[in-house]
Amino acid sequence: MNLLFLALKTLKWLLILTVLLTLTVTAYIHFHPTFGGKPDAASLTKIRASEHYNGTLFQNLEPTELITPDGKNYSTLAWLLGYFTPPEGKNPATPLPSEPLRADKLEDGRLVWFGHSTVLFQMAGKRLITDPVFYRATPLPFGGKPFPQSHPTLPADLPPLDAVLISHDHYDHLDYRAIRELDKKVGHYYVPLGVKAHLQRWGIADEKITEMDWFEAATLGDIRLTLAPARHFSGRNFINRNRTLWGSWVVQSPAYRLFYNGDSGYGAHFADIGKRFGPFDIVLMENGAYNSHWANIHMKPEQSVQAAVDVGAQTVLPIHWAKFDLSSHTWQEPIERFRKAAARTPLTVATPYIGEVFDYREPPQRTWWQDVP
């Protein structure tokens with residue numbers, strides 16, 4: 001009888017704790033601003049008018065499964081075990097070599113990569129940054145922290161920015177804390193349809209935000225900005241996926257052309273973008289956080305090289321690696337595979353130190369990661 005009583009009492013407390021945990025998580029998701037906002041009437045009108053919106057969700061240009069059949073041997077449990085108990089060599093054992101930002105060296109034609117997909121560059125006298133993420137790649141107050149760097153750059157270190165280009169609203173591309181800290185330095189934000197609502201909730205003024213559909217263009221001085229397609233998905237939680245748009249960016253000036261692909265699976269859109277807007281002097285190409293489980297929404301390095309060729313890249317900067325542990329491969333694998341595949345093409349591959357200011361016309365080609373244990 002005593003054992004039965006103890007078991008029932010334990011079960012009662014387990015149920016209470018489960019209910020409390022569920023309520024806490026639900027409240028956190030509902031009330032914390034990091035999860036973003038809902039579109040206002042003006043945004044909804046524009047969203048509903050998009051030919052890429054089916055009345056409920058945004059759609060890719062070609063059929064795209066988020067979870068692919070060849071990922072059948074991959075499990076969430078295996079990913080969690082690999083994330084929380086990574087095998088030896090999966091993540092860097094020492095801080096990654098990086099340079100303190102020298103904003104005074106930033107001139108037209110020069111760029112700085114901060115790891116993952118955050119790139120600062122100057123064009124036609126304007127300073128732009130892509131997907132500024134400096135803190136976490138998760139909405140939770142634990143996990144998702146960047147790899148340590150010898151000289152990490154934070155929002156406070158950045159110079160005034162004329163524009164922020166957002167590719168989509170996933171946490172490793174849209175950082176609530178970074179956006180809040182950067183806003184006083186930012187002239188304008190250019191975002192895909194629906195993403196404006198997140199920035200509005202975070203206190204960004206409406207007049208500082210331009211939200212765009214695929215192939216819609218805007219001007220910033222002598223620069224033409226065009227949101228182009230990508231093959232991906234969106235959402236700040238597991239329920240409301242694809243209620244916002246995702247995309248890539250074509251950035252053109254009289255002096256040179258840049259393409260930033262955001263996140264994307266391989267597809268026909270790359271050749272189409274190259275035909276419409278290419279060739280490009282410098283391409284910022286996703287290369288990392290891939291898995292057979294996500295074969296349609298992220299590219300393996302060999303596909304990233306082909307995508308760079310398709311868009312007409314002359315120089316390519318492999319990005320989306322060397323900052324977060326987001327998949328099952330080792331942190332160095334993406335760049336090693338990318339360079340091997342690119343060696344069979346005319347591409348020039350830029351491999352700067354993180355934080356290094358460099359000129360796309362004379363890109364550094366170091367193998368710095370090989371010296372990191």
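Of the 373 residues in the protein chain, 53% count as buried (under 20% relative accessible area, with a 1.4 Å probe and protein chains only). This is a predicted model, in which local features need pLDDT of at least 70 and side-chain atom pairs count only at pLDDT 80 or more, while totals for chains, interfaces and linings use all residues. Residues are numbered from 1 along each chain as its sequence is written, and side-chain values use heavy atoms, leaving out hydrogens and water.

The chain has eight helices and 14 strands (DSSP runs numbered from the N terminus: H or I of at least four residues, E of at least two). Take contacts (heavy atoms within 4.5 Å) between residues at least 6 apart in sequence: 71% join residues at least 24 apart.

Now turn to helix H6, residues 269–277. Its buried residues are His 269, Phe 270, Ile 273, Gly 274 and Phe 277. Viewed down the H6 axis, they fall within an arc of 140 degrees (taken from the directions from axis to C-beta atoms), so they line one face of the helix. An α-helix has 3.6 residues a turn, so residues three or four places apart point the same way.

What do the buried residues of H6 pack against? Their partners are strands S8 (223–228), S9 (248–252), S10 (257–260) and S11 (280–286), plus helix H7 (301–311).

H6 and H7 pack at about 30 degrees, with axes 7 Å apart (lines fitted to C-alpha atoms over the stretch in contact; angles run from 0 to 180 degrees between N-to-C directions). That makes H6 roughly parallel to H7 (under 35 degrees). H6 brings Phe 270, Ala 271, Ile 273 and Gly 274 to the contact; H7 brings Ala 307, Asp 310 and Val 311.

Methods
Buried < 20%, exposed > 50% of the residue type's maximum accessible area, 1.4 Å probe, protein only. Parallel < 35°, antiparallel > 145°, perpendicular 65-115°, else oblique.
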